Amino acid sequence: MPIKRNNLNALYSAMDNLNIGKKDNKQKSYEIEGLFKPKMGADGKFTVVLRFLPAHPDEEIPWVENRSHMFQLSNGAWFGCDCAKKWNEPCPICDYNAKIWNKYGRTDEARSRVKDKWKPKFYSNVYIVKNPNAPETEGRVYRLEYGRAIMKMIQDAMADKDDAELGVIPGINPFSWWGPNDKAVLAGEDKAGANFVWEGVKGSNGPNYSSSHFSNPRRMCKLGQDGKLVEMTDAELDVVESQLFTLKDIEKQKDQLRSYEDILKFYKTKSGEDLFAEFEDGTDYTATVNTGKTVEADDDDMFEAAPRKTAEVPMEKEVPTEPLFEPEFEATKPTTSSVEAAEDEEDFFARLANG
Ligand SMILES: [Zn+2]
């Protein structure tokens, strides 16, 4: 007896709902539409002139942040979880680190035991003005993923500067497309923006971005026929505005996070060990033990110079399945480099660019 059509539909629908054999589903949901990735040249460098853009008309803040931990376990598996500290909620990994600092003090022993500090990933809309390594991206709007180092440059650019010769040099709004002579700026409604020259130089631990900088404040530009930058008309800015991405949809929401207990369970499943096993001797490691002061889990200077295991992580290698993250690069942290630069170097796209 032939199966009835509507039953067949129900069958397919039920099969779909099983959600098995579709390994890619989860992965796809973490893929970010319109993400810009710089292309490293044969000379081991890239230079991209870009403009950070204002927020999408439906949103207020021109960036979002996701915060997570990612590190390799002693059994070689990768472990990743979101960090609830972003919401000032307790995070087991941060708690573990605080206890380690309190138990061992500011020692190499502690540094060898702490798990990687949380890392922020910021996302903003950008317009690619000039990108010689991938000219097809020029004139287009993308979402840019960036880390602490670039966010710090944005922060610095926003601050007024005291110059011995020139007096106070007002900060810019890196997310503005206006120039100093535009109405909105003259009326004091907005500040001028500037192009960002993003320079990446291949290094042994990933690209170095330290020579990146904001140029002088000016109205948003496009690349002209002759290769020179041409300021955009109001109509052209309207077109760019219509192409802005929303960002809220890539921001992890608090109710999407695993609970504290779930993260502990997940850790045990992946590592075979209890995260807090070594603290179960009755001592209160939330307070000072050897350090002279109670430390916060994310004091930057505590992590600085932390010896890191070097691990080459081929991109195709098995990575944590739940929650799914890109495999983070565990670079040997050079003691001379700043934490920010090193953190940023670990960005996934940067590593991709680095091969
Ligand atoms: Zn945390």
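This briefing describes the secondary structure, strand pairing and selected local features of one protein chain. The model is predicted. The chain has 355 residues, of which 31% are buried, and its secondary structure consists of eleven helices and eleven strands. Of the contacts between residues at least 6 apart in sequence, 64% link residues at least 24 apart.

**Strand 1 and its partners**

- Strand 1 covers residues 45–52, and six of its eight residues are buried, leaving the strand mostly covered.
- Strand 8 (residues 194–201) runs antiparallel to strand 1, and six bridges join the two.
- Within strand 8, E199 is the residue that stands opposite T47.
- Strand 4 (residues 119–130) also pairs with strand 1 in the antiparallel sense, through four bridges.
- Within strand 4, K130 stands opposite V49.

**Helix 8 and the residue after it**

- Helix 8 comprises twelve residues, 260–271.
- At 1.5 Å a residue, helix 8 should span 16 Å, and this agrees with its end C-alpha atoms, which are 16 Å apart.
- G272 follows helix 8 and has a positive phi, near 80°.

**N88, a non-glycine residue with positive phi**

- N88 is located in the loop that runs between strand 3 (78–82) and helix 3 (92–104).
- The phi of N88 is positive, near 55°, although the residue is not glycine.
- N88 has 7 other C-beta atoms within 10 Å; a residue counts as exposed at 12 or fewer, and N88 is therefore exposed.

Key:
Residues numbered from 1 in each chain as written. Predicted model: local features only at pLDDT ≥ 70, side-chain atom pairs only at ≥ 80, totals over all residues. Expected span 1.5 Å × (residues − 1). Buried ≥ 20, exposed ≤ 12 C-beta atoms within 10 Å, placed from the backbone. Contact = placed C-beta atoms within 7 Å. Pairing = 2+ DSSP bridges.
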